[in-house]
Amino acid sequence: MKILVVCGNGLGSSFMMELTIKKALLELSKEAEVTHTDLTSVTSEKADIYIGAGDIVDQLDNGVRKIVRVVNMMSIPEIKGKLAPLL
Amino acid sequence: MLDVMMNDILGTPAILVGLFALVGLLIQKKSASTVLSGTLKTIMGFVILGAGAAVLIGSLTHFSKMFDHAFQVQGVIPNNEAIVAAAQTTFGTSTALIMVFGMVMNLLLARFTPLKYIFLTGHHTLFMACLIAASLSVGGMSGAPLIIFGSILLGLCMVIFPAILQPTVRQITGNNDFAVGHFGSIGYYVSAKIGQLFGNKAKSTEAIAVPKSLGFLRDTSVAISLTMSLFFIVVALFAGRSYIEAQLSGGSNFIVFAIIQAITFAAGVYIILAGVRMLIAEIIPAFKGIADKLVPNAKPALDCPTIFPFAPNAVIIGFLFSFLAGLLSMFALPLIGLKVIVPGLVPHFFTGAAAGVFGNATGGRIGSMAGAFANGIIISFIPAILLIFMGDIGYEGTTFGDSDFGIVGIIIINILKLFGAV
């Protein structure tokens, strides 16, 4: 299982979300590889789940990819709630 | 032996940051393989940064020559990645030292003062460390005092800027979970004040329909390629075919040359971003881990896009109005004798969008538009004023973009001048 976190630059907000997701996974006692990247690189990187702010990940939605849209990137409950059904 | 230690090991910024990562990983008691790969990747990140700078500066040099030939005035493209990467040959060691001891100062300030913020936007910490190193050096400082003063200043920036934004951040997010740690704070603060004074927060941007089609501009590489192509082509047309084909392109068509140079610029930024990503990947989690233990009730101060999902329409509106102000400023700057600041989509997107979100929180649509417009003026004029004081730094045709870098730089240099250090 690989989870890819995406933001515009692949530097700040995706990195922080990655740390939140890792905590959420720990609380769900699930294991997955989590990394972060920018919108340009994401097209050449395969993952099982793509996660990010709505307007960012909407651009990745091709009907096949599993997409998760996050509002509060620091909220473990929100991320747990949205990720759990997909794991 | 001591000479090798001091000059070649500690004097090589790449090795220095690698050592910091090593210590961070050892403190966290990571496995031997993680320590080894983390340390190597951090060093490689710094090396990649330098490689990207070489690509970027090649393209910038062409742009400057064309701009100069066309308009007889110097055009500057503010880009944090470019200026920081370019400055590493001169300020690499002091930047790395100020960055790490600045983070220590941040921990101490958060532990012992009411300003309980931990600044986690690693690339901005790096950029601010470089700006402070350069400004103190222009002001006449060097050696240990430069590192000590620089680290204290950086630590202060890392808690004060998030603190001034926090009241509005609470309004935006509806909770007190996190703070905004991004050195465009002055622009956001002004935007929130303008919204408060002139706007009406009941009329939120989120109640209007905004086309989603501009979303692709959130892809940094696409945004840079696009704007730089436009600017390169316009400047190439003014510089003239004969000049470019004879002097710069080695005979190849001037428009094709302009487009390739624009995309080369974007490629340079992409390489630098990849380097910065590797560079901060080990340092920031270590910093956060230590902070969680040392300052348990501290708030993480995060990169500005973390607030974008709370007002997506304000993001688009903010970007448009900031960029508009940037374009107008470009024509106004030479009239008052300042260098021309070419507006970049990236600084206007990130800081303009954030200013739009702040303005919306205090003043709705009007706040979002007027606040972001004010931000656009700030990030055009402040870099131009900073260039007056920076002397030779900035000769590469680039400078620091976001508002706080300019403000902090201008204040540092002028205070040092006042005390006669220059």
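Colleague: Which elements do the buried residues of α8(B) pack against?

Modeller: Bear in mind that this is a predicted model. The buried residues of α8(B) pack against β2 (33-38) and α2 (39-42) of chain A, together with α3, α9 (241-248), α10 and α12 (345-390) of chain B. Those buried residues are Thr220(B), Ser221(B), Ala223(B), Ile224(B), Ser225(B), Thr227(B), Met228(B), Phe231(B), Phe232(B), Val235(B), Ala236(B) and Ala239(B).

Colleague: How do I read the spacing of such a list along a helix?

Modeller: An α-helix has 3.6 residues a turn, so residues three or four places apart point the same way. Among the buried residues of α8(B) you can follow Ile224(B), Met228(B), Phe232(B) and Val235(B) with that idea in mind.

Colleague: What span should the 20 residues of α8(B) have?

Modeller: At 1.5 Å a residue, α8(B) should span 28 Å, and its end C-alpha atoms are 28 Å apart, which agrees. Directly after α8(B) comes Gly240(B), which has a positive phi near 95°.

Colleague: At what angle do α3(B) and α8(B) pack, and how should I describe it?

Modeller: Helix α3 (residues 32-71) of chain B and helix α8 (residues 220-239) of chain B pack at an angle of about 45°, with their axes 8 Å apart, and the two helices are therefore oblique to each other. The crossing of α3(B) past α8(B) is left-handed. From α3(B), the residues Phe63(B), Met66(B), Phe67(B), His69(B), Ala70(B) and Phe71(B) meet Phe232(B), Val235(B), Ala236(B), Phe238(B) and Ala239(B) of α8(B). Sorted by class, that contact has ten nonpolar residues, one polar residue and no charged residues.

Colleague: How do α8(B) and α10(B) cross?

Modeller: The axes of α8(B) and α10(B) come within 8 Å and cross at roughly 145°, and α8(B) passes α10(B) in a right-handed crossing. The residues on the α8(B) side include Ile224(B), Met228(B) and Phe232(B), and those on the α10(B) side include Ile255(B), Ile259(B) and Phe265(B). This contact divides into 15 nonpolar, four polar and no charged residues.

Colleague: How many residues does each chain give to the contact between chain A and chain B?

Modeller: Chain B gives 29 residues and chain A gives 25 residues. On the side of chain B that touches chain A, the elements that give two or more residues are α8 and α10 (254-294), and the largest share, seven residues, comes from α10(B). That side of chain B divides into 15 nonpolar, seven polar and seven charged residues.

Notes: Residues are numbered from 1 along each chain as its sequence is written. Chains are lettered from A and ligands numbered from 1 in the order in which they are written. This is a predicted model: local features need pLDDT of at least 70, side-chain atom pairs count only at pLDDT 80 or more; totals for chains, interfaces and linings use all residues. Axes are lines fitted to C-alpha atoms, for helices over the stretch in contact, and angles run from 0 to 180 degrees between N-to-C directions. Helices (H or I, at least four residues) and strands (E, at least two) are DSSP runs, numbered from the N terminus. Angles under 35 degrees count as roughly parallel, over 145 as roughly antiparallel, 65 to 115 as roughly perpendicular and the rest as oblique. A crossing is left-handed if the near helix is turned anticlockwise from the far one by less than a right angle, and right-handed if clockwise. Two residues are in contact if their C-beta atoms, placed from the backbone, lie within 7 Å. Ala, Val, Leu, Ile, Met, Phe, Trp, Tyr, Cys and Pro count as nonpolar, Asp, Glu, Lys and Arg as charged, and the others, Gly among them, as polar. The expected span of a helix is 1.5 Å times one less than its number of residues. A residue is buried if 20 or more other C-beta atoms lie within 10 Å of its own, exposed if 12 or fewer, and partly exposed in between; C-beta atoms are placed from the backbone.
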